[in-house]
Amino acid sequence: MHARAHPLGALYDAHHGMLNAILMPYVLKANQHAVAPRLEALARYLDLPATGPGAVLDWVLHLRETVGIPHTLAEIGIDEGQAERVGRMASEDPSGGTNPIIFTADDYSQLLRASIRGNL
């Protein structure tokens with residue numbers, strides 16, 4: 001999340017916390033296979049009615065809706081105009097190295113487009 005939130009905040013003057021809150025489900029979805037055991041444990045810890053990546057994703061989506069977090073980056077004025085630039089910047093961001101999957105600049109650009117369009 002942070003590897004994309006940093007360039008987006010710099011280019012669009014958007015709040016870092018809001019960006020992370022919007023990006024979270026898209027990043028969870030993109031990483032779900034790599035973090036499935038952790039998400040299953042989190043689902044149990046949260047006492048969710050189901051387990052696995054889908055249960056945690058649904059919980060995050062519900063929480064965002066409850067507290068009024070937009071579903072897409074488009075809702076806060078971010079468009080696809082700089083998707084490639086953001087992808088390159090995100091791929092160079094040091095926080096990307098902590099992601100369970102190492103994404104390329106193109107991967108980040110695609111994730112950004114999904115976050116703008118609301119494609120989970």
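Glu84 is partly exposed, at 42% relative accessibility (buried means under 20% relative accessible area, exposed over 50%, partly exposed in between, with a 1.4 Å probe and protein chains only). The side chain of Glu84 meets that of Arg113 in a salt bridge, 2.2 Å from N to O. A salt bridge here is a side-chain nitrogen of Lys or Arg within 4 Å of a carboxyl oxygen of Asp or Glu.

This is a predicted model, where local features need pLDDT of at least 70, side-chain atom pairs count only at pLDDT 80 or more, and totals for chains, interfaces and linings use all residues. Residues are numbered from 1 along each chain as its sequence is written, and side-chain values use heavy atoms, leaving out hydrogens and water.

**Salt bridges**

- The count comes to 3 salt bridges.
- Arg113 lies in helix 5 and Glu84 in helix 4, so their pair ties together parts that are 29 residues apart in sequence. Helices are DSSP runs of H or I with at least four residues, strands are E runs of at least two, and both are numbered from the N terminus.
- Shared partners join Glu80, Glu84, Arg113 and Arg117 into one network of salt bridges.
- Arg113 also pairs with Glu80, with the closest N and O atoms 3.6 Å apart. Arg113 sits in helix 5 (residues 105–117) and Glu80 in the loop between helix 3 (53–67) and helix 4 (83–92), so this bridge links parts 33 residues apart in sequence.
- Arg113 is buried, at 18% relative accessible area. Glu80 is partly exposed, at 26%.
- Glu80 forms another salt bridge with Arg117, and the closest N and O atoms are 2.7 Å apart. Arg117 is in helix 5 and Glu80 in the loop between helix 3 and helix 4, so the parts tied together are 37 residues apart in sequence.

**Aromatic pair**

- There is 1 aromatic pair. Phe103 and Tyr108 form it edge-to-face, at 5.5 Å centre to centre and 70 degrees between the planes.
- Rings of Phe, Tyr and Trp (its six-membered ring) pair if their centres lie within 6.5 Å; planes under 30 degrees apart are stacked, over 60 edge-to-face, and the rest tilted.
- Phe103 is buried, at 13% relative accessibility. Tyr108 is buried too, with a relative accessible area of 6%.

**Nonpolar cores**

- The largest nonpolar core has 13 residues, of which Leu8, Leu19, Leu23, Leu73, Ile78, Leu112 and Ile116 touch the most other members. Such a core is a set of buried Ala, Val, Leu, Ile, Met, Phe, Trp, Tyr and Cys residues joined through side-chain atoms within 4.5 Å.
- Helix 1 (2–12), helix 2 (16–45), helix 4 and helix 5 each give two or more residues to this core. Helix 2 gives the most, with 4 residues.
- Another core, of 7 residues, lies apart from it and includes Leu39, Ala43, Leu48 and Val60.
- Beyond its neighbours within four places in sequence, Ile116 is in contact (heavy atoms within 4.5 Å) with Thr72, Leu73, Ala74, Ile78, Asp79 and Glu80.
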